[in-house]
Amino acid sequence: MKSFRFLNPASLDEAIALATAPDAGDARFLAGGQDLLTEMQEHLAEPDRVVNLKSVPGLDRIEAGGGRLRVGALATLVRLEREAAVRARWAALSEAAASVASPQIRSCATLGGNLCQRPRCAYYRIEEARCLKKGGTECFAYGGSNKYSAILGGGPSWIVHPSDLAPALVALDAEIVLRGAGGERRLPLEKFYVLPADGDVTKETVLAPGEVVTEVVVPEPPAGARSTYLKFRERESYDFALAAVAASLVLQDGVVRTARICLGGVAPVPWRAPQAEAALLGRRLDAALAKQAAAAALAGAAPLEQNAFKIPLTKTLVERALLALAR
Amino acid sequence: MKLEPRAVPLQDAPPKRKVKTTQVVNGIETEVEIEVEDVPAGQWPPRASLRVLNHDIPRVDGPVKVSGAARYTHDVRVPGMVWARLLLSPLPRARVAALDLEAARAVPGVVHVLVVEREETGWLGQPVAVVAAETLEAAGDGLRALAARFEPLPWVVDHAAAVREGAPAVGRGANVGRPETDGDEARARAALSASATRVRATYTVPVQHHASLETHGVVVDYRGGEDAVVYCSTQYAQGFAAEAAKELGLKAGNVRGVVEHMGGGFGSKFGLDAQGLYACRIAKELKRPVHLMLDRRAEFLMSGNRSGTSMTIEAGCDAQGSLTGLVAEAWKHGGLGRGSLSGLPYCYKAGAHFRDVRSVRMHLDASRAMRAPGHPQASFGMESILDELAYAAGLDLVEIRRRNAAHPAWVRQLDRVAREIGWDQHPHRTQPGKPDREECIGIGFGISNWGSGGSSDCEAEVRIEKDGSVVVACAAQDLGTGTRMYMAAIAAEEFGLPVAAVTARLGDSRLPTGVASGGSVTTPSVAPAVKDACTRARGAFAAHLAQVLGRSAEGFRFGPDGVRHDGMTERLAWSKACGTLPAEGLSARGKWQESLQTRGVRCTQAAQVAVDPGTGRVRVLHMVCLQEVGLALNRLAVKSQIQGGMIQALGYALGEGRQLDSALGLQLNASFEEYKIPHALEIPRMTTLIDDDDTRNGVAGVGEPPAIPGASAIANAVHNACGARVRELPITPDKVLLALGKVV
């Protein structure tokens with residue numbers, strides 16, 4: 001690991017100032033450290049400065065009330081998993097948090113870190129493979145090993161976004177709050193992520209240098225709303241998603257009034273499935289409709305050589321998530 | 001009355017006789033003839049009379065391991081120690097184009113840079129340079145400062161590329177080895193043609209890793225002078241110390257090898273290895289101790305592996321299900337090594353068989369012995385083809401095994417295991433189930449064997465102290481399987497003591513001759529030697545007491561109620577009896593004895609799985625294992641080791657396998673994130689049964705057989721559940737979905 005300066009700011013403003021100072025060099029914010037430290041050990045990240053957000057008070061709150069849920073960037077996943085209000089009203093979020101990695105990691109990992117984590121693609125994680133994500137010219141997964149790669153929204157990079165919380169929060173219509181030297185901005189979480197074709201391929205988000213995620217705000221679901229997160233892992237104990245689905249529905253007498261569906265593990269960003277949502281609206285949710293919605297969600301899939309299996313797999317997950325919400 | 005101190009020597013040069021035995025060299029079984037002393041054969045007490053042995057004994061080192069207090073080689077710190085790290089070839093074959101030694105030496109804290117390959121590397125992960133520094137971090141910085149540049153040379157890391165015309169040569173000689181054949185091909189093919197039913201299929205097992213939780217490595221404590229201590233994560237402390245002595249240029253007797261605890265070896269840790277060699281060289285150069293442990297990536301790339309296999313098998317049977325013929329053509333993928341594959345038809349008899357096995361070499365680290373080398377691969381091929389044959393002929397999956405098993409022990413084991421897994425109530429005994437529900441339940445079977453006995457060289461020493469405590473010692477190492485425990489338990493049994501009164505010393509090359517712990521030889525080597533030492537110590541103690549008490553030596557009995565003599569009504573407490581010993585106590589050396597061990601253990605397993613056809617997920621619900629073990633010294637430890645084997649096999653079935661990018665020459669899963677060994681949630685219900693119908697009263701090694709048939713049983717269970725025949729391990733969801741025709 002390259003040597004770096006470790007800084008413990010007392011406030012968010014100080015943290016941002018430290019990260020954006022003219023002599024800051026490559027500065028990174030440290031939250032739970034579960035991804036950043038591994039990246040540093042593997043020489044994928046070599047910051048000059050590490051600005052510790054844990055020394056900033058108040059970034060780890062979880063507050064439910066006033067028609068919304070506010071979760072600070074430093075709230076740990078284990079708290080999101082266990083918090084009674086989250087479990088009761090934002091089930092997809094607590095289920096997503098519970099599905100992450102191992103209990104040991106969940107007790108350190110944070111919301112902000114989870115949303116900003118870098119890809120798990122093996123080529124990206126191997127220092128020697130200078131892939132597109134690391135400033136190279138080629139996505140090695142495309143013509144190489146691509147069993148774990150994207151089937152939706154791929155190209156010119158075929159990573160899948162590894163976050164479990166992101167699809168759940170997109171399905172719950174969350175907003176993300178960012179703070180930088182120029183002040184604060186809020187945007188729908190969906191707009192926080194960028195497809196490789198639409199922006200800087202070495203990044204997954206719109207986060208600017210020196211900008212920090214401060215919190216996520218999730219609206220209170222309407223009466224009758226239910227949500228769930230269904231994740232499929234190759235190894236149940238400890239793994240990233242091979243495919244996942246977050247769904248949030250309002251049902252009235254079995255008829256779908258609102259629907260938000262977001263897929264995980266299949267695209268470079270949390271992948272919203274508007275065709276599936278449209279297929280559901282105003283119709284009675286039964287097995288046939290769930291199947292139809294699942295097909296709509298995967299209609300645009302363009303698999304690579306080794307990952308066509310993700311299509312039937314994801315369809316099954318969508319169907320099952322919807323039917324679980326209908327029960 | 002004055003007591004003379006006495007150590008009891010071995011008898012003078014007893015007569016010798018020759019016996020045939022199976023010995024294991026680096027994990028490979030070999031039939032050899034050895035000379036043993038022709039002394040009256042020692043015997044274990046009848047099982048019914050055992051007080052300590054053949055019971056469940058909690059392990060003595062459990063608490064230190066669970067609490068982290070156990071000192072592994074990784075944990076050793078000695079004064080003045082430097083830390084060394086390796087630079088590995090990032091490509092399977094490359095020219096070493098640049099190494100900036102000056103820059104590395106200039107890194108603060110770096111004390112030594114050793115270049116071990118200046119020209120050309122020939123396998124992925126081959127060490128190129130070693131940097132030693134005052135801290136691990138500085139050593140890492142030194143490696144970066146080398147700014148190594150490698151120019152790729154043509155390589156082959158997959159079968160197809162290696163056998164292609166004009167393929168880059170892997171070392172000297174052809175990439176495809178000479179065929180190893182067995183059987184009469186014409187006869188086997190004729191038998192196949194005459195079969196009532198015949199099937200043919202190709203099965204593939206990937207290269208698997210030992211995945212020891214403790215990586216390979218050593219701490220060489222040499223500070224100049226004539227002596228050194230090497231702390232080594234090894235399966236053979238004495239061999240390791242001898243190799244280190246040679247490298248250090250010291251007398252063999254002056255180098256002590258120590259391994260207090262082992263974090264797994266599975267056949268990959270017999271020798272000094274490259275890292276041990278470099279650590280010795282640097283220690284010798286600097287006259288300072290060197291700590292050199294592999295990091296996880298290096299462990300995956302350069303510490304050996306279980307060779308992969310691709311095998312095409314054709315088998316036929318008659319109308320009753322008796323195998324009439326079998327022809328197998330197989331390739332072994334052992335990197336630079338020859339790989340290993342047990343003979344097919346493995347544990348079955350086939351009327352006529354023929355096999356042709358060849359190794360295909362690649363620019364990858366050489367395969368090494370790994371828990372039952374060659375057996376799991378052969379088992380996967382054999383159990384799979386047997387199932388395919390049974391389905392094709394409409395036969396019961398248990399019946400076809402009973403009919404063809406090469407030994408009657410498997411027949412009784414199959415009956416019991418079938419009962420335990422619920423075969424009679426299972427709906428799919430001759431045809432697989434359909435993928436028509438979220439949980440399709442299937443059952444599969446497999447059998448295995450392993451043959452080795454102990455090493456005739458093994459010795460042990462027992463010392464009875466004047467305060468009544470007992471120390472039993474042997475240089476052999478405890479790989480985590482409970483060697484320490486049973487050494488103490490044997491002495492406790494022999495002297496009528498509680499286990500806690502006995503201390504076992506092991507894992508130290510200065511102790512009496514041990515054995516290389518591979519091929520399940522440790523227990524059948526060490527236990528007889530310890531038992532023999534105890535027998536001799538009892539004799540010597542009796543002789544001593546006879547002198548003190550004026551009684552005949554033959555009449556003394558040692559039991560939990562103390563020392564008795566046939567001619568006395570009162571008994572003597574153990575501590576009182578020991579109090580009569582001279583200050584240095586009493587010691588006796590014992591030797592391995594043929595009569596105290598047994599060889600050849602058979603194992604049968606069944607697995608019950610649930611397959612989800614919607615996702616391809618396979619969940620193992622239940623595994624049953626019934627295994628012969630001869631005399632179980634510690635039933636708890638035996639069952640624990642069997643379970644470890646079953647879990648390892650579950651890993652082979654569902655998660656493990658080296659993944660390479662042939663074009664880039666990279667291993668894509670050289671970490672525990674991507675190399676998916678089972679974790680807690682993957683562990684099924686396990687019914688672990690010791691086959692007590694095996695009444696041989698000798699000690700056998702039990703570690704290999706349970707790791708063999710589990711993957712085969714699981715693979716067959718997946719097919720039995722829903723009709724998805726996956727012929728390539730591991731059985732991951734993508735392959736199940738593909739086999740079910742769900743991927744379009």
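1. Contacts along chain B. Among the contacts in chain B with a separation of 6 or more, 79% are between residues 24 or more positions apart. Two residues are in contact if their C-beta atoms, placed from the backbone, lie within 7 Å.

2. Basis of the note. This is a predicted model, in which local features need pLDDT of at least 70 and side-chain atom pairs count only at pLDDT 80 or more, while totals for chains, interfaces and linings use all residues. Residues are numbered from 1 along each chain as its sequence is written, and chains are lettered from A and ligands numbered from 1 in the order in which they are written.

3. Overall form of chain B. The secondary structure of chain B comprises 17 helices and 29 strands; helices (H or I, at least four residues) and strands (E, at least two) are DSSP runs, numbered from the N terminus. The radius of gyration of chain B, 28 Å, is close to the 27 Å that the globule rule gives for 744 residues, so chain B is as compact as a globular protein of that length. The radius is taken over C-alpha atoms, and the rule is 2.2 Å times the number of residues to the power 0.38. Along the principal axes, the C-alpha atoms of chain B fill a box of roughly 95 × 75 × 45 Å.

4. Burial in chain B. Of its 744 residues, 59% count as buried (20 or more other C-beta atoms within 10 Å of the residue's own, with C-beta atoms placed from the backbone).

5. A sheet in chain B. Three strands form an open sheet in the order E6-E4-E8 (chain B), with antiparallel pairing; two strands pair if DSSP finds at least two bridges between them. Strands E6 (120-121) and E8 (149-152) of chain B stand at the edges with a single partner strand each, so one side of each has no neighbour in the sheet. Strand E4 (residues 94-98) of chain B is joined to E8(B) by 4 bridges, and Ala94(B) has Pro152(B) as its bridge partner in E8(B).

6. Interface of the chains. In chain B, 25 residues are in contact with 20 residues of chain A. Helix H17 (residues 733-739) of chain B gives the largest share of the chain B side, 4 residues. That side of chain B has 11 nonpolar, 8 polar and 6 charged residues (Ala, Val, Leu, Ile, Met, Phe, Trp, Tyr, Cys and Pro count as nonpolar, Asp, Glu, Lys and Arg as charged, and the others, Gly among them, as polar).

How values were computed: Buried ≥ 20, exposed ≤ 12 C-beta atoms within 10 Å, placed from the backbone.
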